[in-house]
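This briefing walks through one structure, topic by topic. Keep the sequence and the 3D view open while reading.

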Amino acid sequence: MISVNEALQQLLASFDPLESELIPLSEAAGRILAEGVESGIDLPLFTNSSMDGFAVRSSDVSNASQDHPVALFVVEDIPAGKSPSVRLAENQTSRIMTGAPIPDGADAVIPVEDTDQYDQKSRSNFELPSKIKVNRAVDSGDYIRLQGEDVKQNEVVLHSNSPLKPQELGILAMLGKSRVSVYRSPKISILSTGDELIPVGEPLESGQIHDSNAYTLSALITRDYGYPEYLGIVPDNEDSVRKFLETAVANSADLILSSAGVSVGVFDYVRTVVENDGELTFWRVNMRPGKPVAFGSFQGVPFIGLPGNPVSAFVGYEVFVRPAILKFSGITEVPRYRIRARLMDGIKSDGRESYLRGILKYDNNEWLAQLTGHQGSGNLLSLVQANALLIIPPGVKSLAPGAEVDAWLLD
Ligand code: AMP
Ligand code: MG
């Protein structure tokens, strides 16, 4: 049986970045950049005040203190958005607000709180005074944000293939970039196979269960910057399976993702149908849970068949589908937090690469790992309670308490 690593390599070889599109910045949240972004300007664009106060020549106030305030003559008012026009001469000051450009001649700002213009109740006085008193000294450069101290012109600010998080959108706006080149979101068609499945919201009869995988998988796809399209529940017969797969192709899916029906059961038709109209690269992987994972293509569209058991479907998604979807946007390093943790309990395995549900906690300078609940691959609560997948390498049949394992943090 093929190893997890071999299977992943074979699968990833079939995925290439999608085309890019230019979209308005207002629609770019959660999309993946298809271009690197260099700054055309310095940020800040101009040297400005970081406080509401008074722009000064620091040498004029070098002896100022609470007991011996220094008087300065006010020559100009500089609210944010206005350009200063007066150069400060000796013992002159300009009132300045946060974000307003520093006038020529000034090399520091005195916060209004450190002048006689600050009134605890009414913030500061509205009228522009002709004269003020300064209660403290400042060093040259104090409360001044220098042009280019954040970003220099021509500096690379964002790299291609990175997700546009809220702060990235902010910096693109600062740069004046109203349109941005991103990868097209991959469309992932989801189908849930099984005669026992009933949509959530409809009552169950004997032997039936609700289709839960569709919900988990849709949310995972959205997290991974894909666009999930749920096609519905597929009855266990060849014709229905073919019909649903054809619908996915007709809807221009970039990837068809099914759950269940790929094992060795008498009614597991998915493999047969895919093989008849495409190819199957593998259909079993040496892992636990999730051995019956199938990969191939149907009518030229990549196909991944996950196992039906909810925990297996989740693990199969994390191991195979997530890297595949990210590769559609040129992301080749899956962003995962890996932690080395010490097992609190002993673990038995069957020699397959295993992904166990566990809780990691930091205690006494180390990470400790404990299994959650009943580890059966149908028991979703064990995953709900977990914050990590503990990875037992292939070939290992048991681990004693205190042994170290690798773990993937789940979020
Ligand atoms: P199968 O791979 O078809 O043998 O299914 C394995 C197990 O997963 C069975 O217990 C199914 O009832 C269950 N199962 C299959 N599909 C789903 C689904 N969409 N949601 C929840 N459980 C499922
Ligand atoms: Mg089934």
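Strand S14 (187–193) and strand S16 (209–210) each supply at least two residues of the shell around ligand 1. The model is a predicted one.

**Around ligand 1**

- There are 16 residues around ligand 1, and those that come nearest are Glu196, Asp211, Ser212, Gly308 and Asn309.
- Sorted by class, this shell has 9 polar, 4 nonpolar and 3 charged residues.
- The side chain of Glu196 has an N or O atom 2.5 Å from an oxygen atom of ligand 1.
- At Ser212, a polar backbone atom is 3.1 Å from a nitrogen atom of ligand 1.
- At Asn309, a backbone N or O atom lies 3.1 Å from an oxygen atom of ligand 1.
- Ligand 1 taken alone exposes 490 Å², and the protein buries 76% of that.

**Strand S14**

- Why is S14 described as largely enclosed by the rest of the structure? The reason is that 7 of the 7 residues of S14 are buried.
- In a regular strand, side chains alternate between the two faces of the sheet.
- In S14, Lys187, Ser189, Leu191 and Thr193 point one way. Ile188, Ile190 and Ser192 point the other way, and the residues of both sets are all buried.
- S14 runs parallel to strand S17 (residues 227–234), and 7 bridges join the two. Within this pairing, Leu191 has Gly232 of S17 as its bridge partner.
- S14 also pairs with strand S18 (residues 255–259), in the parallel sense and over 5 bridges. Here Ser189 stands opposite Ile256 of S18, and Leu191 has Ser258 of S18 as its bridge partner.

**The sheet that contains S14**

- S14 belongs to an open sheet of 6 strands with the order S17-S14-S18-S22-S21-S19. The pairing in this sheet is mixed.
- Which strands are at the edges? They are S17 and strand S19 (278–282), each of which pairs on one side only.
- On average, neighbouring strands of this sheet are turned by 20° against each other, direction ignored.

**A sheet of five strands**

- Another open sheet is formed by 5 strands in the order S7-S4-S6-S5-S10, again with mixed pairing.
- Strand S7 (108–111) and strand S10 (131–134) stand at the edges. Each has a single partner strand, so one side of each is left without a neighbour in the sheet.
- Neighbouring strands of this sheet are turned by 45° against each other on average, direction ignored.
- S7 pairs with strand S4 (residues 53–56) in the antiparallel sense over 4 bridges. In this pair, Ala55 stands opposite Val109 of S7.

**Cis peptide bonds**

- Leu43 and Pro44 are joined by a cis peptide bond, with omega about -10°. Pro44 is in the loop between strand S2 (37–38) and strand S3 (48–49).
- The peptide bond from Arg288 to Pro289 is also cis, and its omega is near -5°. Pro289 is in the loop between strand S20 (287–288) and strand S21 (294–298).

- Asn91 is a residue other than glycine with a positive phi, near 60°. Asn91 is found in the loop between strand S5 (70–78) and strand S6 (92–96).
- Asn91 has a relative accessible area of 30%.
- Ala260 lies in the loop between S18 and helix H5 (270–276).
- Is Ala260 buried or exposed? Its relative accessible area is 16%; buried means under 20%, so Ala260 is buried.

**Asp411**

- Asp411 is found in the segment after strand S29 (404–409).
- Asp411 has a relative accessible area of 80%; exposed means over 50%, so Asp411 is exposed.
- The C-alpha atoms of Asp411 and Ala388 are separated by 8.1 Å, and these two residues are 23 residues apart along the chain.

Definitions and conventions: Residues numbered from 1 in each chain as written. Chains lettered and ligands numbered in written order. Predicted model: local features only at pLDDT ≥ 70, side-chain atom pairs only at ≥ 80, totals over all residues. Heavy atoms only, no water. Near = heavy atom within 4 Å. Polar contact = N/O pair within 3.5 Å; in protein donor to acceptor, adjacent residues only side chain to side chain. Areas by Shrake-Rupley, 256 points an atom, 1.4 Å probe, with all protein chains shown as cover. Nonpolar A, V, L, I, M, F, W, Y, C, P; charged D, E, K, R; others polar. Buried < 20%, exposed > 50% of the residue type's maximum accessible area, 1.4 Å probe, protein only. Pairing = 2+ DSSP bridges. Axes fitted to C-alpha atoms, helices over the stretch in contact; angles between N-to-C directions.
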